[in-house]
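Work through the exercises below with the model open beside you. Try each task before you read its solution.

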Amino acid sequence: MPLTTPTLRTDRLLLRPFEDRDREDIYALQSDAHVLEFWDSPPWADRSRADTFLARSRTMAEEDRGVRVAIDRLDDGSFVGWATALWSTPEFRTGELGYVLTKASWGNGYATEAAGALLDWALEAMDLNRVQSEVDTRNPASARVLAKLGFTLEGTLRENCIVDGVVSDSWMYGLLRRERLPA
Ligand SMILES: CC(C)(COP(=O)(O)OP(=O)(O)OC[C@H]1O[C@@H](n2cnc3c(N)ncnc32)[C@H](O)[C@@H]1OP(=O)(O)O)[C@@H](O)C(=O)NCCC(=O)NCCS
């Protein structure tokens, strides 16, 4: 049965399916060079990328490849970013976790809160045994988010990315189902 993109509530955040009204917010986020500094692709320079992103956010669940959720603050409804949980190898029950938040929202614990909620949902709904995330070694904030969620630093992928000619290493973080969920 295909996945359904969830709506999840945390203490301060709402994680929900993307809608057409998110077009400007997602374009502003993904075209921000500071936010995308350690991302594995360059910032967007073309507004049509937002339409593709929104369309993919819908089809990825329909095609059972994973889910992508928008993240809003509950108190004022403002958009603070997005998170994704994707299959890596379904037969091995492995998946990937990712997230991007607006610069203005950094430093409030929102990434940990949102990614934790999506992680817990994915472990159950996608029946994952292992979740992994690759982090640019120049991005300690993201590494810290994963550490706070209980991920283990498993190694370094040397020269794993080349973005606009800049070569970078990635840390591989992994988390096993039994390390997060009660037995
Ligand atoms: C990485 C990112 C999601 C963090 O979002 P956030 O909401 O600020 O994260 P949180 O507040 O939940 O946690 C960040 C942690 O990193 C720490 N941190 C922030 N900058 C740091 C730095 N330069 N060095 C070390 N730790 C740092 C914070 O102190 C906090 O840890 P603490 O709670 O122990 O104090 C956000 O910076 C972002 O969207 N970056 C751009 C996209 C990105 O890199 N995505 C991840 C790709 S793998």
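The exercises cover the nonpolar cores, the aromatic rings, one glycine, one threonine and the ligand site. Keep in mind that this is a predicted model.

**Exercise 1. The largest core**

Find which residues of the largest nonpolar core touch the most other members, and which element gives the most to this core.

Solution. 
- Step 1. Start with the members. The largest nonpolar core has 37 residues, and L15, L118 and F151 touch the most other members.
- Step 2. Look at the suppliers. At least two residues each come from β2 (13-17), β3 (66-73), β4 (79-89), β5 (94-101), α3 (110-125), β6 (130-136), α4 (140-149) and β8 (166-176).
- Step 3. Pick the main one. Helix α3 gives the most, with 10 residues.
- Step 4. Zoom in on F151. Leaving aside neighbours within four places in sequence, F151 contacts L97, L119, V131, Q132, L146, Y173, G174 and L175.
- Step 5. Look for another core. A second, separate core has 14 residues, including V35, L36, F79 and V100.

As background, nonpolar side chains in soluble globular proteins tend to be buried together.

**Exercise 2. Two phenylalanine rings**

Classify the ring pair of F18 and F53, and decide whether F18 and F53 are buried or exposed.

Solution. 
- Step 1. Take the distance and the angle. The ring centres of F18 and F53 are 5.2 Å apart, and the planes meet at 85°.
- Step 2. Classify. Planes over 60 degrees apart count as edge-to-face, so the F18 and F53 pair is edge-to-face.
- Step 3. Place the residues. F18 is in the loop between β2 and α1 (23-30), and F53 is in helix α2 (residues 48-62), so the pair ties together parts 35 residues apart in sequence.
- Step 4. The cut-off for buried is under 20% relative accessible area. F18 is at 7%, so F18 is buried. F53 is at 5%, so F53 is buried.

**Exercise 3. A glycine and a threonine**

Locate G77 and T94, and state how accessible each one is.

Solution. 
- Step 1. G77 is in the loop between β3 and β4. Its relative accessible area is 44%, so G77 is partly exposed.
- Step 2. T94 is in strand β5. T94 is at 13% relative accessibility, so T94 counts as buried.
- Step 3. Follow the side chain of T94. The side chain reaches the backbone nitrogen of T89 at 3.0 Å.
- Step 4. List the contacts. Not counting residues up to four places away in sequence, T94 touches L86, W87, S88, T89, L128 and R130.

**Exercise 4. The ligand site**

Name the residues that come nearest to the ligand.

Solution. 
- Step 1. There are 20 residues around the ligand, and G109, T112, N139, R144 and K148 come nearest.
- Step 2. Check the backbone. A polar backbone atom of L101 is 2.8 Å from a ligand oxygen. A polar backbone atom of G109 is 2.8 Å from a ligand oxygen.
- Step 3. A backbone N or O atom of A111 lies 3.1 Å from a ligand oxygen.

How values were computed
Residues are numbered from 1 along each chain as its sequence is written. This is a predicted model: local features need pLDDT of at least 70, side-chain atom pairs count only at pLDDT 80 or more; totals for chains, interfaces and linings use all residues. Side-chain values use heavy atoms; hydrogens and water are left out. A nonpolar core is a set of buried Ala, Val, Leu, Ile, Met, Phe, Trp, Tyr and Cys residues joined through side-chain atoms within 4.5 Å. Buried means under 20% relative accessible area, exposed over 50%, partly exposed in between (1.4 Å probe, protein chains only). Helices (H or I, at least four residues) and strands (E, at least two) are DSSP runs, numbered from the N terminus. Contact means heavy atoms within 4.5 Å. Rings of Phe, Tyr and Trp (its six-membered ring) pair if their centres lie within 6.5 Å; planes under 30 degrees apart count as stacked, over 60 as edge-to-face and the rest as tilted. A residue is near a molecule or strand if one of its heavy atoms lies within 4 Å of it. A polar contact is a pair of N or O atoms within 3.5 Å; within protein, one must be able to donate a hydrogen and the other to accept it, and residues adjacent in sequence count only if both atoms are side-chain atoms.
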